[in-house]
Amino acid sequence: MFFERPDSGELAVLVHLEISHGTDAEDPREFEELVLSAGGDPVDFITGQRSAPQARYFVGTGKLEELRQSVLQHDAQLVIFNHNLSPSQERNLEAELKCRVLDRTGLILDIFAQRARTHEGKLQVELAQLRHMSTRLVRGWTHLERQKGGIGLRGPGETQLETDRRLLRARIKNIVKRLEKVRKQRDQGRRSRRRAEVPTVSLVGYTNAGKSTLFNYITAAGVYAEDQLFATLDPTMRRLELDGLGAVVLADTVGFISHLPHRLVEAFRATLEEAASADLLLHIIDAAAEERAHNIEQVEEVLEEIGASELSELRVYNKIDLLEDFNPRIDRDDEGKPQAVWLSARSGAGVDLLLEAVAELLGDDRVQQVLCLAPEQARLRAKLYQHNAVTDEQHGENGQIELGLSIQKSDLLRILSQENLAFDALEWHARRKV
């Protein structure tokens, strides 16, 4: 935006240091995948070890010289660090290497900028980028002087840096306001679904675990799905009919990654709230990934950060087609409740088991029985219809009404208390087999 930086190119030198001092190490293979997902062409991968980052350049003087030689040798125009750099470290490295330097957060932001397709997604990415840029303003336009007098040289009385910051703040404020409107619209949609007794199921998981492929297989939605990191940014929702349960809303969400930049979590708050307010989370896991346990741990950390760690969760181990002699199955706990489903979203093997498990878990708190009412209980019948709880109705010879119900038990108990009726005092039958 306001920078006079070296033109960036596609040829990139990658830098990954093992820092022994207290922080969780980043995965170098994942780092390379991120660069490829951004459209970069890695020409060299420089590694090393340090007990702690160097304050001025992050790397030591020897490694800095190695970096300089690599940039010259490969004619690289971009150096990408698999670490978060401070603004001053980024500036110092650019001055020394004479090319653009990008840290891990900047790389992820660039991928997000490429993937955003909807207006909301673009706003969220721009907000995260502007907040990241605000700490990295070095110099802006050259036509603004610091404080000069003379004809034609009298400016607004502020430095160019102050002008840049003011413009950034104004744009950030505008985007936050628009995203707040989006958040309210999403919240209104969620309230409408709750009133209509339609449960929401959100797909969450590490990036590239296969969420969108599974979403497409179940709903035929045609969502963009590729074997690359952060293929999905914009949340997509589809209504789905499940046997024995009825309608549910399935939501595909943005993938998570280790040390997901906090600015992105903040910017994508409206999107992530879809996961935080779901009735059931489907945690999609790449069953064939070597770092499977680490990925699960990172997703759980982000879920805790967005306030979704206490929600009901079903683990879905995807990509079993990449495992040798592995068949789809449902894992259950001691009480027979589904805990995990093993499937392949690409081939569709085991997806029927997943839908069965989802219907079972969501049906736990729902009353799906036949209620027998006497003719004088027509008022209760009317209230059940108002709450969209009646799935079918039949009448007996003696005027008795048989209502097939599908309703959250808490909602049913509230309706019965308004009519001064007890659940156990009513006549119930098992749901008729279709």
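I am working with a predicted model, where local features need pLDDT of at least 70, side-chain atom pairs count only at pLDDT 80 or more, and totals for chains, interfaces and linings use all residues. Residues are numbered from 1 along each chain as its sequence is written, and side-chain values use heavy atoms, with hydrogens and water left out.

Next I checked the geometry. The axes of α2 (residues 61–74) and α3 (residues 87–97) come within 10 Å and cross at roughly 50°; axes are lines fitted to C-alpha atoms, over the stretch in contact, with angles from 0 to 180 degrees between N-to-C directions. The two helices are therefore oblique to each other (under 35 degrees is roughly parallel, over 145 roughly antiparallel, 65 to 115 roughly perpendicular, the rest oblique). Helices here are DSSP runs of H or I, at least four residues, numbered from the N terminus, and strands are runs of E, at least two.

Then I listed who touches whom. From α2, Leu64, Leu67, Arg68 and Val71 meet Leu93, Glu96 and Leu97 of α3, contact being heavy atoms within 4.5 Å.

I also looked up glutamate 94, which sits in α3. Is glutamate 94 buried or exposed? I found it buried, with a relative accessible area of 11% (buried is under 20%, exposed over 50%, partly exposed in between, with a 1.4 Å probe and protein chains only).

Last, I noted the whole protein: 13 helices and 17 strands, with 47% of its 434 residues buried.
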